[in-house]
Amino acid sequence: MVPIWFCIFSSFLFYKSSAEIINSLPGQPPNIIFKQHSGYIVTNSQHGRALFYYFVEADSENAASLPLTVWLNGGPGCSSVGYGAFMENGPFRPRKDGSLMKNKYSWNLESNMLYVDSPIGVGFSYSNTSSDHINWDDAATAKENLQFILKWFNKFPQYRNSDVYLTGESYAGHYIPQFAVLLLDYNRMPNVKPIKLKSIALGNPLLDIEISLKSAEYLWAHGVVSDELLDMQRTLCNETRYVLEYIHNETSSECTKVMELRTEEMGIDTVKDDILLPKCVSSSAAGQLRALGNLATVQEKFDKKVGKVADPCLTEWINLYLNKPEVQKALYANTTCLPYSWEICSGPLQYKMEDAAIDIIPVLSNILKQHIPILLFSGDQDSKLPLTQTRKIAKLLAQDLKLVALDKYGPWYDGLQIGGWSQSFGELREGKNVTYLTFATVRGAAHEVPYTSPSQALTLFGAFLRGHPPPRKNNAIRAKKMHNPIDLMNLFSIAI
């Protein structure tokens, strides 16, 4: 925790939102030229509510001329600073030794990045009114986020005219659309300067609990569960029913049986966020290391040899790093000495989980009708909110709004490699295709796409900012390659 003298001094500054420049983070690599800021924005001085933010300016000499992207993580209850900034698309990632490594695929190569710990009670955000942490809901979160961004612009007026993009993942499938609606409502008020909301992007989002959560067929197709369990989930209990029963404290014995069997078949060491990701075997897990012996060292060498990007223990290093007093001091965080340690998905927040059942599809439809484009993207190794379900929702939106397919479903490219598969929908206007809705998968990616597939995520993000579909390989190059007999043989090859 931060020193007590720092908390006492900071308490005198509470009612004034802070906009502090970070000189350098502990363990930060040398020769960093972009600016970093962090601090608190007081959203309600009467209750003593304040949202914590970490703002990374674009890695450019003309940062103020580039877009502003707001990133929110889900949960509800997970830190955007912990996940988004330090695990996914921020400029640094903590190492085991407490130092920071440069993320060469940081999204601040394309945009100014603003990470917000939302709602109140998440990460370093807090309220001096304890009741504020109870039954916090979607509507309150959206209102608080609107208050935050308006007051944040007062601290950073140089970005008030920037194009604004809203991005996030998982339960941010609720946060972002409802926040966007309030921004659009705000822009219609008399005598206000509109916020230039350009587009929103949602990764592996929870959008409709009746569709988004169902993962039985996805798991079965990946060989993770049996034919018998697939049939049980079709006939007895699926994920949607189980979660709804859990929310209302009415869990049935048949649902409990089905979900216990699913856990048994998947195996307790399978990471549901990414069914390919190994379990974390860290130095703090001494018992595991003793049991594995030299195997842990062999695994580490293998990971380096094959160039594995995702560190399965990264959340542990983030937790250790952000709990260091010198780090919190450098971030101007925890200035009131919170009575608990920082955790990536823990805090006093008690969210109204009934709101998880709100259908966000009509909200997205309303946003699209106001000509705000939407990107829905999914890591294809996520079993929590599988790509199959997000694709169904994209198709429903396109059909509802009578959008036409602007391209065929097919691969998009990250350089010379397939980054995933995508399809865009929109309309033909004045002889040009206008994209409103894009669905894209990200090859080999987890629930947190930039964590496991950072290069593909950055390519997808760049296309999103430019209002383009994910890049398709040049048709002429593809046709030329197809004349090569080896390529044709590979295309139609049969494994024997």
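In strand β3, R49 is the bridge partner of N44. The model is predicted: local features need pLDDT of at least 70, side-chain atom pairs count only at pLDDT 80 or more, and totals for chains, interfaces and linings use all residues. Residues are numbered from 1 along each chain as its sequence is written, and side-chain values use heavy atoms, with hydrogens and water left out.

Strands are DSSP runs of E, at least two residues long, numbered from the N terminus. Two strands pair if DSSP finds at least two bridges between them. Strand β2 (residues 36–44) runs antiparallel to β3 and is joined to it by 8 bridges. The two form a hairpin with 4 residues between them. In the turn, G48 has a positive phi of about 75°.

Strand β8 (residues 126–127) is joined to β3 by 2 bridges. Here A50 has Y126 as its bridge partner. The antiparallel pairing of β3 with β7 spans 5 bridges. In β7, D117 stands opposite F52.

Strand β3 (residues 49–56) is mostly covered, with 8 of its 8 residues buried (under 20% relative accessible area, 1.4 Å probe, protein chains only). In a regular strand the side chains alternate between the two faces of the sheet. R49, L51, Y53 and F55 point one way from β3, while A50, F52, Y54 and V56 point the other way.

L114 lies in strand β7 (residues 112–117). This residue is buried, at a relative accessible area of 0%. Beyond neighbours within four places in sequence, L114 is in contact (heavy atoms within 4.5 Å) with residues including Y53, Y54 and F55. Other contacts of L114 include L68, W71, F148 and W152. L114 and L72 are 42 residues apart in sequence, yet 8.9 Å apart in space, C-alpha to C-alpha.

Methods
Buried means under 20% relative accessible area, exposed over 50%, partly exposed in between (1.4 Å probe, protein chains only).
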